[in-house]
Amino acid sequence: MVAYSVMMRNLGLGGVRGDFELVELVCVTCASLFLPLCQLNKGHVMVDLFTLRLPQREQRRIDGIWTLCFAAVWALLCWRLTHGLSEMHEYGDKTMLLKASIWWAFVPAVFGTGLSAIVALITGLPMVSSAFRALEAR
């Protein structure tokens, strides 16, 4: 979209109206939908400077506790995004140039953070307690 718009401007044909708005809305959608995959693959930044010398079992337990903290934060974000979605829909906020409704970009964000919370909970519980080992993916 951006390349096409820049090329059209350079040719003197004018760019795509609202190209930056479209890119912005699509980027937030894509980023939100990749969050659960990132959580499943443990793709977040981890600093293990202080835990490297601990036994493997303790490292796993600490990682599990932090994964459960991630689950709580994902759930909080999902709740607040749901609230934001309802307010955006109620107020009818639109983008400046395209007059596209903004609330629809919140839908994948709610889905992505909600699924991330579930993934973090399911992956974190077996790391904390052996009672939940049945949830572990093999």
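On a 1 Å grid over the protein atoms alone, a pocket is an open set of points where a 1.4 Å probe fits, with protein on both sides within 12 Å along at least five of seven lines, and its lining residues have an atom within 4 Å of a point. The model is predicted, so local features need pLDDT of at least 70 and side-chain atom pairs count only at pLDDT 80 or more, whereas totals for chains, interfaces and linings use all residues. Residues are numbered from 1 along each chain as its sequence is written, and side-chain values use heavy atoms, without hydrogens and water.

The largest pocket is lined by 18 residues, and those nearest its centre are Val45, Met46, Asp63, Trp66 and Thr67. Helices are DSSP runs (H or I, at least four residues), numbered from the N terminus. Helix H3 (56-91) and helix H4 (106-128) each supply at least two residues of this lining, and H3 gives the most, with six residues.

How do the helices pack? Two packed helices are described by the angle between their axes and the distance between the axes. Axes are lines fitted to C-alpha atoms over the stretch in contact, and angles run from 0 to 180 degrees between N-to-C directions. H3 and H4 pack at an angle of about 160°, with their axes 7 Å apart. These two helices are therefore roughly antiparallel, a term for angles over 145 degrees, while angles under 35 degrees count as roughly parallel.

The axes of H2 (residues 19-40) and H4 come within 8 Å and cross at roughly 5°, which makes H2 roughly parallel to H4. In their contact (heavy atoms within 4.5 Å), the residues of H2 include Leu33 and Pro36, and those of H4 include Phe111 and Leu115.

Key: Angles under 35 degrees count as roughly parallel, over 145 as roughly antiparallel, 65 to 115 as roughly perpendicular and the rest as oblique.
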